[in-house]
Amino acid sequence: MPTQPTWFPRLTQILTELRTLAVPYLDRQAFERIFQVKDRRARVLMSRFAGTQIGNAWATDRQQLIEALEKIQRGEEFQWDQ
């Protein structure tokens, strides 16, 4: 079985934080803070969760991210890890 992401055990906390934010999009710095990862991993996560380019920066729709993370949380892989 592949190694789980470092943020996997904190998924419930991440979702809670995302639901309280009032912004529609998250930038790389927000990913770094919320997922507690460094620059490169934040960029990889953004691309995994359908990051889009807005001007010169990349951003991810907060609601779409929440939906994707909820799907992961309901999935067998996450349930097995818990």
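Hi everyone, let's start with a pair of strands: E2 and strand E3, residues 57–61, pair in the antiparallel sense over 3 bridges. Within that pairing, Gln53 has Trp58 of E3 as its bridge partner. Before I go on, please keep in mind that this is a predicted model.

Is Thr60 buried or exposed? Thr60 is buried, and its relative accessible area is 0%. Setting aside residues up to four places away in sequence, Thr60 touches Pro24, Tyr25, Leu26, Phe31, Met46, Phe49, Gly51 and Leu65.

Two of those names, Phe31 and Phe49, come back in the aromatic part of the story. The structure holds 4 aromatic pairs. One of them is formed by Trp7 and Phe35, and the geometry is edge-to-face, with 5.3 Å centre to centre and 85° between the planes. This pair links distant parts of the chain, as Trp7 sits in the segment before helix H1 (11–20) and Phe35 in helix H2 (residues 28–35), 28 residues apart. Trp7 counts as buried at 2% relative accessibility, and Phe35 is buried too, with a relative accessible area of 1%.

Which residues do the ring pairs link into a cluster? They are Trp7, Phe8, Phe31, Phe35 and Phe49.

Leaving out neighbours within four places in sequence, Phe35 is in contact with Trp7, Arg10, Ile14, Leu45, Leu65 and Leu69.

That takes us to the core. The largest nonpolar core has 20 residues, and the ones that touch the most other members are Trp7, Leu18, Phe31, Phe35, Phe49, Leu65 and Leu69.

Now for the charged side chains. How many salt bridges does a search of the whole structure find? The count is 5. In general, side chains of opposite charge can pair when their charged atoms come close.

Arg33 is partly exposed, with a relative accessible area of 48%, and Glu17 counts as partly exposed at 26%.

Another salt bridge joins the side chains of Glu70 and Arg19, at 2.6 Å, N to O. Here the link is between distant parts of the chain, with Glu70 in helix H4 and Arg19 in helix H1, 51 residues apart. Glu70 is partly exposed at a relative accessible area of 23%, and Arg19 counts as partly exposed at 44%.

Arg28 forms a salt bridge with Glu32, and the closest N and O atoms are 2.3 Å apart. Both lie in helix H2, 4 residues apart, which is about one turn of the helix. Arg28 counts as partly exposed at 22% relative accessibility, and Glu32 is partly exposed at 22% relative accessibility. Arg28 and Glu32 also belong to a network of salt bridges together with Asp39 and Arg43.

One last stop, and it's about the backbone. Most residues other than glycine have a negative phi, and most peptide bonds are trans. Gln36 has a positive phi of about 55°, although it is not a glycine. Where is Gln36 found? Gln36 is in the loop between H2 and H3, and at 57% relative accessibility it counts as exposed.

Note on methods
Residues are numbered from 1 along each chain as its sequence is written. This is a predicted model: local features need pLDDT of at least 70, side-chain atom pairs count only at pLDDT 80 or more; totals for chains, interfaces and linings use all residues. Side-chain values use heavy atoms; hydrogens and water are left out. Two strands pair if DSSP finds at least two bridges between them. Helices (H or I, at least four residues) and strands (E, at least two) are DSSP runs, numbered from the N terminus. Rings of Phe, Tyr and Trp (its six-membered ring) pair if their centres lie within 6.5 Å; planes under 30 degrees apart count as stacked, over 60 as edge-to-face and the rest as tilted. Buried means under 20% relative accessible area, exposed over 50%, partly exposed in between (1.4 Å probe, protein chains only). A salt bridge is a side-chain nitrogen of Lys or Arg within 4 Å of a carboxyl oxygen of Asp or Glu. Contact means heavy atoms within 4.5 Å. A nonpolar core is a set of buried Ala, Val, Leu, Ile, Met, Phe, Trp, Tyr and Cys residues joined through side-chain atoms within 4.5 Å.
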